[in-house]
Amino acid sequence: MGINVIYYPFKELNQLNVLERMNPVTKNAVFPKRFPIFMSTFKLYSLQEEIELIQGLNKSTGKNIGIYPEIKEPAFHRKEGMDISNIVLKILKDYGYKTKNDSCILQCFDADELKRIRNEFKNELFLVQLMEFKKEEEKLIVILRSKIIN
């Protein structure tokens with residue numbers, strides 16, 4: 001496993017160029033139907049910068065396009081001394097995303113973290129649990145069964 005980006009200052013990460021994932025040996029795209037390799041240069045942007053872009057476009061177009069951020073690996077971040085959920089929730093609140101009526105759906109694979117966001121942080125955003133692996137599905141079934149029985 002490589003070194004995680006959380007160990008670098010954002011100012012340093014912001015200097016990197018970002019491109020579509022490719023096989024280092026063949027130089028072919030890992031996902032060939034996505035964005036073409038070497039066609040454009042991209043940078044990393046902060047959540048704040050992305051929100052400001054969306055809100056600015058909404059203002060200039062008269063639309064209300066929402067955001068769909070994801071809390072990534074919350075247990076890993078807490079283990080490393082960062083409460084990623086707390087950080088993201090503060091940013092969302094600062095930009096006016098506080099309730100289910102706001103144009104923000106917050107997603108995460110970790111059901112326990114979503115419960116923590118709702119209960120500990122008393123957050124009222126629309127929350128969505130992502131599922132990819134059998135263990136998340138099994139955990140959801142246990143939760144649903146406990147709700148039905150109780």
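Eight salt bridges are present in this structure, which is a predicted model. Salt bridges that share partners join Arg78, Asp83, Glu113, Arg116 and Glu120 into one network.

- Side chains of opposite charge can pair when their charged atoms come close.
- Arg78 and Glu113 meet through their side chains in a salt bridge, with an N to O distance of 2.7 Å, and this pair links distant parts of the chain, since Arg78 belongs to helix α3 whereas Glu113 belongs to helix α5 (residues 111–119), 35 residues apart.
- Arg116 counts as buried, at 15% relative accessibility.
- Another salt bridge joins the side chains of Asp112 and Lys115, at 3.5 Å from N to O, and both of these residues lie in helix α5, three residues apart, about one turn of the helix.
- Asp112 is partly exposed, with a relative accessible area of 38%, and Lys115 likewise counts as partly exposed, at 39% relative accessibility.

**Overall architecture**

- Read from the N terminus on, the elements of the protein chain follow the order α-α-β-α-α-β-α-β-α.
- The C-alpha trace of the protein chain spans about 55 × 40 × 35 Å along its principal axes.

**Largest pocket**

- The largest pocket holds about 1,100 Å³ of space, and its lining consists of 29 residues, of which Val5, Phe10, Tyr45, Ser46 and Leu47 lie nearest its centre.
- Two or more lining residues of this pocket come from each of α1, α2, β1 (70–71) and α4 (84–94), and the largest share, five residues, comes from α2.
- Sorted by class, the lining of the largest pocket comprises 20 nonpolar, three polar and six charged residues.

**Second largest pocket**

- The second largest pocket has a volume of about 400 Å³, and 17 residues line it, of which Glu73, Pro74, Phe109, Asp110 and Glu136 lie nearest its centre.
- The elements that give two or more residues to the lining of the second largest pocket are β1, α3 (74–79) and α6 (134–149).
- In terms of residue class, the lining of the second largest pocket has eight nonpolar, one polar and eight charged residues.

**Nonpolar surface patch**

- On the surface, Phe10, Val18, Phe35, Met39, Phe42 and Leu44 form a nonpolar patch, and together these residues have about 510 Å² of accessible area.
- Phe10, one of the patch residues, is also among the residues that lie nearest the centre of the largest pocket.
- Phe42, another member of the patch, lies in the loop between α1 (10–13) and α2 (47–61); Phe42 is partly exposed, with a relative accessible area of 37%, and a patch residue must have over 30% relative accessible area.

**Backbone points to check**

- Most residues other than glycine have a negative phi, and most peptide bonds are trans.
- Phe38 has a positive phi of about 60° although Phe38 is not a glycine, and the place of this residue is in the loop between α1 and α2.
- Phe38 is exposed, with a relative accessible area of 56%, because exposed means over 50%.
- Glu73 is a residue other than glycine with a positive phi, near 45°, and Glu73 is found in the loop between β1 and α3.
- Glu73 counts as exposed, at 57% relative accessibility, and is also among the residues that lie nearest the centre of the second largest pocket.

How values were computed. Residues numbered from 1 in each chain as written. Predicted model: local features only at pLDDT ≥ 70, side-chain atom pairs only at ≥ 80, totals over all residues. Heavy atoms only, no water. Patch = residues over 30% accessible without salt bridge, like charges linked within 9 Å, V, L, I, M, F, W, Y side chains within 5 Å. Areas by Shrake-Rupley, 256 points an atom, 1.4 Å probe, with all protein chains shown as cover. Salt bridge = Lys/Arg side-chain N within 4 Å of Asp/Glu carboxyl O. Helix = DSSP H or I, 4+ residues; strand = E, 2+ residues; numbered from the N terminus. Buried < 20%, exposed > 50% of the residue type's maximum accessible area, 1.4 Å probe, protein only. 1 Å grid on protein atoms, 1.4 Å probe; cavity = no way out; pocket = protein on both sides within 12 Å on 5 of 7 lines; lining within 4 Å. Points joined across faces, edges and corners; volume = space filled by probe spheres on them. Nonpolar A, V, L, I, M, F, W, Y, C, P; charged D, E, K, R; others polar.
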